[in-house]
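This briefing covers a sheet and the aromatic side chains of one structure. Please view the sequence and the model together while reading.

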Amino acid sequence: MMNLFCIPIISSWTLILIDTSSLHPSLALDAHDRPHISYQFSTESNDYLKYTWWDGSNWHTYTVDSGVGTGRYTSIVVDRNGYPFISYNSEMGPGTLKVAQWTGSSWIIRTADASPYTGWFTSIELDTSDYPRVAYHDYMNDNLKYARWNGTSWINETVDAPDWVGWYASLDIDDSNRPHISYHRYFYEVNGDLKKA
């Protein structure tokens, strides 16, 4: 007997203009399937990490952090309370990896890795305790790195480090809190390797 698969057909897309400038956007849905988006907003004089979410009727937009280059390579995840965590590169030049957390009343911004030229291509997820974990590229050393919050401090480790690894990292955490990371090893002008840690 032939197996038949039903493929839903999207008859039309709804397009919404949320902001007039954005780079490095990332989207997550909360328990009510409402979208939360992080992105970089740039002007000629400054850059901003911005966050917007849909409450079912309206969009609400906030500036989370600012500074030249701030907000690159954002990644967003939403906890069980519907509160966002955002990983991003903090500034142009040396740059660091930062994570912003909404507590329900204010933003807490922590430096997850203070190494220079790090926090590229971030990917954030939460473990079973709603603690953030981030996979990212260390541009200075061309490494794939991984950071996790243990409730009091950030713990960082290098996952892969031959050369030019960790580009476009994508992280997921399984039910046993084990990280799984897919990523790209970059080669100039030729296709790179797809790798999984």
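Two strands are taken to pair if DSSP finds at least two bridges between them, and strands themselves are DSSP runs (E, at least two residues) numbered from the N terminus. The model is a predicted one, in which local features need pLDDT of at least 70 and side-chain atom pairs count only at pLDDT 80 or more, while totals for chains, interfaces and linings use all residues. Residues are numbered from 1 along each chain as its sequence is written, and side-chain values use heavy atoms, with hydrogens and water left out.

**Sheet**
- Four strands make up an open, antiparallel sheet in the order β5-β6-β7-β8.
- Because β5 (72–78) and β8 (107–113) stand at the edges with a single partner strand each, one side of each is left without a neighbour in the sheet.
- Strand β5 runs antiparallel to β6 (residues 84–89) and is joined to β6 by five bridges, with Val78 standing opposite Pro84 in β6.

**Aromatic side chains**
- The whole structure holds 16 aromatic pairs, counted where ring centres of Phe, Tyr and Trp (its six-membered ring) lie within 6.5 Å; planes under 30 degrees apart are stacked, over 60 edge-to-face and the rest tilted.
- Trp102 and Trp107 form a tilted pair, 5.3 Å centre to centre with 55° between the planes.
- One aromatic cluster includes Trp164 and Trp167 together with Tyr73, Trp120, Phe121, Tyr139 and Tyr168.
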